[in-house]
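Student: Hi! I have a new structure open and I'd like to talk it through with you. Could we take a look together?

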Amino acid sequence: MEPATVTQMLGKTAMFASLSEADRAAIAQRMRKVTFDPDQMIFARGDPGRDLYLVLEGRIRLSILSGDGRELSFAHAGPGSVFGEIATLDGGERTAGATAMSKVQAMSLPGKALQDLIEANPKIAMAAVRFLCQRLRETDQRLEAIALHRIEVRLARLILSILKLEAPGKRGEAVPLNLGMSQGEIALLIGASRPKVNIALTQLEEMGAINRAGSKLTCNVDELEIIAEME
């Protein structure tokens with residue numbers, strides 16, 4: 001992929017959007033293209049953090065293993081998302097595993113290259129700090145949502161977050177979305193059981209927020225936003 005294209009994509013990420021084009025170009029020059037097959041493990045929890053990744057195409061599942069060996073998914077990374085940043089920044093172990101859910105194309109940035117860029121440019125260092133603070137806030141909000149909000153509210157917020165990745169800026173009553181995941185996967189992401197997710201999907205349909213055809217949805221963005229703000 002051309003460096004100019006990678007520079008442009010970096011400008012759409014939460015981590016590097018605040019940087020100038022010249023700063024993003026300096027990062028892009030240090031990155032290399034990598035590909036992953038469906039179900040391929042990119043790294044496991046406890047692995048050394050060698051690279052940070054920018055997703056170009058496809059989707060990544062971020063997960064941990066429970067004490068009884070079950071995989072607990074807590075987030076997905078789609079096009080324009082950065083993942084693997086924590087261990088790459090501090091040189092420690094991976095805090096979660098990453099697995100390709102589909103064919104994935106990504107750009108990787110070695111930890112040494114990232115450290116060199118941070119040491120040479122305070123703006124890149126501040127961008128990394130702001131990004132980590134944002135991740136902490138998102139984690140707090142996720143825990144709050146699981147503890148305080150009904151399942152249909154959590155589900156509406158999840159659908160909106162996926163729409164933001166897959167169809168940024170799209171509005172209206174008939175925005176198409178392919179969730180690309182099972183109800184069990186959704187359940188893991190919002191802290192619920194699969195049967196309760198099925199009930200919540202039916203509730204969203206009855207409320208006029210979505211229409212379903214398997215994993216493909218037609219979304220009423222305005223209705224989803226109203227539901228997402230419910231107490």
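Student: Where is D39 found?

Tutor: D39 is found in the loop between β1 and β2, with β2 covering 41-43. Keep in mind as we go that this is a predicted model.

Student: Okay. Is D39 buried or exposed?

Tutor: D39 counts as exposed, because its relative accessibility is 62% and the cut-off for exposed is over 50%.

Student: What about the phi of D39?

Tutor: Phi of D39 is near 70°, a positive value in a residue other than glycine. For background, most residues other than glycine have a negative phi.

Student: Let's move to the sheets. In what order do the strands of the four-stranded open sheet come?

Tutor: The order is β1-β8-β3-β6, and the pairing is antiparallel.

Student: Which strands stand at the edges there?

Tutor: Those are β1 (32-36) and β6. Each has a single partner strand, so one side of each is left without a neighbour in the sheet.

Student: How many bridges join β1 to β8?

Tutor: Five bridges join them, and the two strands run antiparallel. To find a spot to look at, take K33, which stands opposite M107 in β8.

Student: And how many bridges are there between β3 and β8?

Tutor: Strand β3 (residues 51-57) and strand β8 (residues 104-110) pair over six bridges, in the antiparallel sense. In that pairing, V55 has A106 of β8 as its bridge partner, while E57 has Q105 of β8.

Student: How many residues of β8 are buried?

Tutor: Five of its seven residues are buried, so β8 is mostly covered.

Student: What lies across β3 and β8?

Tutor: That's α1, which runs at about 100° to β3.

Student: How do α1 and α2 cross?

Tutor: The axes of α1 and helix α2 (residues 21-28) come within 8 Å and cross at roughly 120°. That angle makes α1 oblique to α2, and the crossing is right-handed.

Student: Which residues make the contact?

Tutor: From α1 there are P3, V6, T7, Q8 and L10, and from α2 there are E21, R24, A25, I27 and A28. By type, the residues of this contact divide into six nonpolar, two polar and two charged.

Student: How far apart in space are T7 and N198?

Tutor: Their C-alpha atoms are 40 Å apart, and T7 and N198 are 191 residues apart in sequence.

Student: Switching topic: where is S81 found?

Tutor: S81 sits in the loop between β5 (71-77) and β6 (82-83). With a relative accessible area of 13%, S81 is buried. Apart from its neighbours within four places in sequence, S81 is in contact with Y53, L54, V55 and L165.

Student: What about the open sheet of three strands, what is its order?

Tutor: The order there is β9-β11-β10, with antiparallel pairing. The edge strands are β9 (175-178) and β10 (210-213), each pairing on one side only. From one strand to the next, the twist averages 20°.

Student: How many bridges join β9 to β11?

Tutor: Four bridges join β9 to strand β11 (residues 216-219), and they run antiparallel. N178, for instance, stands opposite K216 in β11.

Student: Which helix packs on that sheet?

Tutor: Helix α6 (residues 151-166) does, touching β9, β10 and β11. The direction of α6 makes about 95° with that of β9.

Student: One last area. Which residues of α7 are buried?

Tutor: In helix α7 (residues 183-190), the buried residues are E185, I186, A187, L189 and I190. Just after α7, G191 takes a positive phi of about 70°.

Student: And where is A192 found?

Tutor: A192 is in the loop between α7 and α8, with α8 covering 194-206. A192 is partly exposed, at a relative accessible area of 23%. Not counting residues up to four places away in sequence, A192 touches I151, R154, A187 and V197.

Definitions and conventions: Residues numbered from 1 in each chain as written. Predicted model: local features only at pLDDT ≥ 70, side-chain atom pairs only at ≥ 80, totals over all residues. Heavy atoms only, no water. Buried < 20%, exposed > 50% of the residue type's maximum accessible area, 1.4 Å probe, protein only. Axes fitted to C-alpha atoms, helices over the stretch in contact; angles between N-to-C directions. Parallel < 35°, antiparallel > 145°, perpendicular 65-115°, else oblique. Left-handed = near helix turned anticlockwise from the far one by under 90°. Contact = heavy atoms within 4.5 Å. Nonpolar A, V, L, I, M, F, W, Y, C, P; charged D, E, K, R; others polar. Pairing = 2+ DSSP bridges.
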